[in-house]
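This briefing reviews the structure shown below.

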Amino acid sequence: MTPVATAAAGPDRDAARVPVRGLTVLYDAECSLCAFLRDWLVRQRQLVPLELVAAGSEEARRRYPGLDHGATLDEITVIGDAGQVYRGTAAWVVTLWALADHRPTAHRLSTPAGARLARGVVLAAAKWREGQRARREGYWGGGAYTAADGWSYVPALGWTWNPPACDGGTCPPR
């Protein structure tokens, strides 16, 4: 595995001389998918110990002051104990590599064909997370309609509009 970037060292960490003995996975604690995966990871047999820390948290900022913590909320980030930083697809692959039952899968995903599959999974998860974040923040559909506008989505009916009530006899313009 080749790190995407390094935290506090030069670009070449010499993986042959600096083995990975531990990984810290930064995950979005507000994301239900991320929380599910965090819980799944802690139940797995680990060949390389995984420590899970909420991305953007005070703990993450204290440990990794040079990291772009906003970016860690947008894309999975894994940090090796020697300063290696993995993002996106590489982060997923190195996390699977740390698990006893999934190391062979990590090796398959590190091939050119496997990397395309892994990237697709990462992109699908990111899109799902984006939708969940939008829903948490009160909008859906790229922010075009908000609950305050009177729009709601009911799976059996589709999009419905219930205009806001008129306060004091004046209605908002349409």
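Predicted model: local features only at pLDDT ≥ 70, side-chain atom pairs only at ≥ 80, totals over all residues.

Of the 174 residues of the chain, 34% count as buried.

**Overall organisation**
- The secondary structure of the chain consists of 6 helices and 9 strands.
- Taking contacts in the chain between residues at least 6 apart in sequence, 60% join residues at least 24 apart.

**Nonpolar cores**
- The largest nonpolar core has 24 residues, of which L23, L50, V78 and Y86 touch the most other members.
- Two or more residues of this core are given by each of β2 (23–27), α1 (32–43), β3 (50–54), α4 (88–97) and α5 (103–109).
- The largest share of this core, 5 residues, is contributed by α4.
- Another core, of 8 residues, lies apart from the largest one and includes V53, A60, I79 and V85.
- With residues up to four places away in sequence left out, V78 touches L23, T24, V25, Q84, V85, Y86, A91, V94 and T95.

**Helix α4**
- Helix α4 is largely enclosed by the rest of the structure, because 8 of its 10 residues are buried.
- The buried residues of α4 are G88, T89, A91, V93, V94, T95, L96 and W97.

**T77 in strand β4**
- T77 belongs to strand β4, which spans residues 77–80.
- The relative accessibility of T77 is 0%, so this residue counts as buried.
- The side chains of T77 and R87 are joined by a polar contact of 3.4 Å.
- Leaving aside residues up to four places away in sequence, T77 touches T24, V25, L26, L67, T72, V85, Y86, R87 and A91.

**Largest pocket**
- The volume of the largest pocket is about 310 Å³.
- This pocket is lined by 23 residues, and those closest to its centre are C34, E75, I76, W92 and R129.
- At least two residues of the lining come from each of β2, α1, α3 (69–74), α4 and α6 (112–136).
- Helix α6 supplies the largest share of the lining, 6 residues.

Conventions. Residues numbered from 1 in each chain as written. Heavy atoms only, no water. Core = buried A, V, L, I, M, F, W, Y, C linked by side-chain atoms within 4.5 Å. Buried < 20%, exposed > 50% of the residue type's maximum accessible area, 1.4 Å probe, protein only. Helix = DSSP H or I, 4+ residues; strand = E, 2+ residues; numbered from the N terminus. Contact = heavy atoms within 4.5 Å. Polar contact = N/O pair within 3.5 Å; in protein donor to acceptor, adjacent residues only side chain to side chain. 1 Å grid on protein atoms, 1.4 Å probe; cavity = no way out; pocket = protein on both sides within 12 Å on 5 of 7 lines; lining within 4 Å. Points joined across faces, edges and corners; volume = space filled by probe spheres on them.
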